[in-house]
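Reader: Please take a close look at the salt bridges and the strands around them. I would like the cut-offs stated along the way.

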Amino acid sequence: MKRIYLLLLFLAFSSFAFAQKAAINNFIVKESLLKNSKLAIIAADSLDNPIEKINGLYTFTVSGFTQPVTFNDGVAILPLQLERSAFVYIKHQNESGTHSKLLYVYKKDGSLNPYTINSMWLIIFPALIIFLAFAFRKFIIAAVIILIIFIYFNHSNGLNLSTFFETIFDGLKGMF
């Protein structure tokens, strides 16, 4: 009888050793298959191949709001619906670091088309406009107008100043 209890105890301890949680180090964002104006997060490897073994509850920050997301077979649906085209900043932090993506989600005729934006474009575009303004003095007024339009477009589509700088800093950390 002692051997059976010892065997069951050993079996119980060994089952805990194999029950490890898989880390999400990369993800893909697409429209939900239900076409209900929601986004789906797909866990992926470094080559953007889906990882189907991801199951459970993971914490993501979506445009500044932290929320738990439930993964089933590597796919999770964000609970927020998008009313119109907007910038969406999705970030996940785990033991291996912070993984984030800035997306512009274009909504047309009820379908969502997410486009990933490299954070370096948020630095290069304004820097190029400022460089051209200093290089060509006649371009200063046009450069100021273009920068105001750039800031207004970003702000009106959900990319506020704190998210703008957070995206840039996360992108710079990822480069080094």
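Author: Two strands pair if DSSP finds at least two bridges between them. Helices (H or I, at least four residues) and strands (E, at least two) are DSSP runs, numbered from the N terminus. The model is predicted: local features need pLDDT of at least 70, side-chain atom pairs count only at pLDDT 80 or more, and totals for chains, interfaces and linings use all residues. Residues are numbered from 1 along each chain as its sequence is written, and side-chain values use heavy atoms, with hydrogens and water left out.

Strands S3 (residues 56–62) and S4 (residues 65–71) are antiparallel, paired over seven bridges. Tyr58 faces Val69 in S4, and Ser63, in the hairpin with two residues between the strands, has a positive phi near 50°.

A separate topic is the open sheet of three strands, ordered S1-S2-S5 with antiparallel pairing. S1 (26–31) and S5 (75–81) are at its edges with a single partner strand each, so one side of each lacks a neighbour in the sheet. S1 pairs with S2 (residues 38–44) over six bridges, and Asn26 has Ala44 as its bridge partner in S2.

The whole structure holds two salt bridges (a side-chain nitrogen of Lys or Arg within 4 Å of a carboxyl oxygen of Asp or Glu). Glu31 bonds in this way with Lys35, with the closest N and O atoms 3.3 Å apart. Glu166 and Lys91 form a salt bridge at 2.5 Å between the closest N and O atoms. Glu166 lies in helix H4 (residues 161–175) and Lys91 in strand S6 (residues 86–94), so the pair ties together parts 75 residues apart in sequence.
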